[in-house]
Amino acid sequence: MIIGAKYGTSADLWSFACMIFEMATGDFLFEPRKGDKYGKNDDHLAQMMELLGRMPNSMALSGQRSRKYFNSSGHLRHIRGLNFWPLKKVLQEKYKFNEIEAQAFTDFLLPMLHWDPNKRASAETMLDHPWLTMPAKYETKLTQAERE
């Protein structure tokens, strides 16, 4: 992990969620870039928080490198003014998923993107997720007329 905290096999579920998002949208879930006043890892953390909400302080401050990225209050040191954009809204607004598909896909991905690795869904649990057995409906995105 960027902050140097301990992690285990649940990190693979995080990666899996990122890959599934990429397959569904054609874009990376997180695509960090270096800025003039912050590094790529700072941007990566900021992007994760904008999508998932603030990282819990206990986690933000738990890594060997936490102090490099977070102040003692658990706020990012080098990036201010996060623009929160929850996953469901990203899917609807940027990728034009209809509401039902956006909600179902969000419900599938978020348990694998839980901040706390110990509370992250297991692969076994995810195999039984309703999104995997939804009836095929190929109109998952809004049409141009529906967008207008």
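Let's start at one residue. Ser72 sits in the loop that links α4 (66-69) and α5. Keep in mind that this is a predicted model.

Is Ser72 buried or exposed? Its relative accessible area is 57%. Exposed means over 50%, so Ser72 counts as exposed.

What does Ser72 touch, leaving aside neighbours within four places in sequence? Two residues: Leu61 and Arg67.

Now a distance. Take Ser72 and Ser122, which are 50 residues apart along the chain. Their C-alpha atoms are separated by 32 Å.

Next, the core. The largest nonpolar core holds 38 residues. Which members touch the most others? They are Leu45, Met55, Phe70 and Leu109. The top contributor is α1, with 6 residues.

As background, nonpolar side chains in soluble globular proteins tend to be buried together.

Look at Leu109 in detail. Set aside residues up to four places away in sequence. Leu109 then touches Ala17, Ile20, Phe21 and Leu87.

Last, confidence. The chain has a mean pLDDT of 93. Of its residues, 97% reach 70 or more. Which element has the lowest mean pLDDT? That is helix α8 (residues 144-147), at 74. The highest belongs to α2, at 98.

Notes
Residues numbered from 1 in each chain as written. Predicted model: local features only at pLDDT ≥ 70, side-chain atom pairs only at ≥ 80, totals over all residues. Heavy atoms only, no water. Core = buried A, V, L, I, M, F, W, Y, C linked by side-chain atoms within 4.5 Å. Buried < 20%, exposed > 50% of the residue type's maximum accessible area, 1.4 Å probe, protein only. Helix = DSSP H or I, 4+ residues; strand = E, 2+ residues; numbered from the N terminus. Contact = heavy atoms within 4.5 Å. pLDDT = per-residue confidence, 0-100.
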